[in-house]
Amino acid sequence: MHELSLVADIYRTARKAVDAHGPHRIEVVRIAVGELAAVEPDLLSFAWEAVTAGTPDAGSRLDVDFRPAKQTCAACGVIPERAAGSWLRLCPRCQGPLGIEGGDDLDVLNVTFEEEETPA
Ligand SMILES: [Zn+2]
């Protein structure tokens, strides 16, 4: 399951960003995942639980912002429909070549963390 190593990477990135502010607990990590990034958004959430278990960030949440790709045909314009089951890069209307834009996102968008009071 390559989602697990991916999420471990995301966690390291998020942890580093939070560490820069101090010893805070992560609440929510928001990521962008494109439909062409070849990851299963549901599996990411499970992997997040597994990766953060036993860390101070256990119980935090991974929010996935799913980004569809945009298909454009030179003759027909933007094509919202998908060839069933696979990415056939031909226009389903005129069989011309399709241009694909975006959809390969895999980014950490932002990290929300808990501000802990320093004991007096
Ligand atoms: Zn077309």
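Is Cys73 buried or exposed? In this predicted model, Cys73 is buried, with a relative accessible area of 4%, a value that falls in the buried class because that class covers anything under 20%.

## The zinc site

Cys73 is one of the residues that coordinate the zinc ion, which is held through the SG atoms of Cys73, Cys76, Cys91 and Cys94 at 2.3 to 2.4 Å. The angles subtended by these four donor atoms run from 104 to 112 degrees, and the arrangement is therefore tetrahedral. For four tetrahedral donors the ideal angle at a metal is 109.5 degrees.

Along the sequence, the donor residues follow the spacing C-x2-C-x14-C-x2-C. Cys73 belongs to strand β3 (residues 70-73), whereas Cys91 sits in the loop between β4 (77-78) and β5 (98-101), so that this pair ties together parts lying 18 residues apart in sequence. Cys91, like Cys73, is buried, and the relative accessible area of Cys91 is 0%.

## Packing of α1 against α2

Helix α1, which spans residues 2-19, packs against helix α2, residues 41-52, at an angle of about 60 degrees, and the two axes are 9 Å apart. This angle makes α1 oblique to α2, and the crossing in which α1 passes α2 is right-handed. On the α1 side the contact is made by Glu3, Leu4, Leu6, Val7, Ala8, Ile10 and Tyr11, while α2 contributes Leu43, Leu44, Ala47, Trp48, Ala50, Val51 and Thr52.

## Val108 in strand β6

Val108 is located in strand β6, which covers residues 106-114, and with a relative accessibility of 31% Val108 counts as partly exposed. When residues up to four places away in sequence are left aside, Val108 touches Ile10, Thr13, Val29, Arg30 and Ile31. Of these, Ile10 also takes part in the contact that α1 makes with α2. Between Val108 and Glu35 there are 73 residues of separation in sequence and 15 Å in space, taken from C-alpha to C-alpha.

How values were computed: Residues are numbered from 1 along each chain as its sequence is written. This is a predicted model: local features need pLDDT of at least 70, side-chain atom pairs count only at pLDDT 80 or more; totals for chains, interfaces and linings use all residues. Side-chain values use heavy atoms; hydrogens and water are left out. Donors are N, O and S atoms within 2.8 Å of the metal (3.2 Å for Na, K and Ca); water is not among the atoms, so sites may look incomplete. Four donors count as tetrahedral if all angles lie between 85 and 135 degrees; four count as square planar and six as octahedral if opposite donors are over 155 degrees apart and all others between 65 and 115; anything else is irregular. Helices (H or I, at least four residues) and strands (E, at least two) are DSSP runs, numbered from the N terminus. Buried means under 20% relative accessible area, exposed over 50%, partly exposed in between (1.4 Å probe, protein chains only). Axes are lines fitted to C-alpha atoms, for helices over the stretch in contact, and angles run from 0 to 180 degrees between N-to-C directions. Angles under 35 degrees count as roughly parallel, over 145 as roughly antiparallel, 65 to 115 as roughly perpendicular and the rest as oblique. A crossing is left-handed if the near helix is turned anticlockwise from the far one by less than a right angle, and right-handed if clockwise. Contact means heavy atoms within 4.5 Å.
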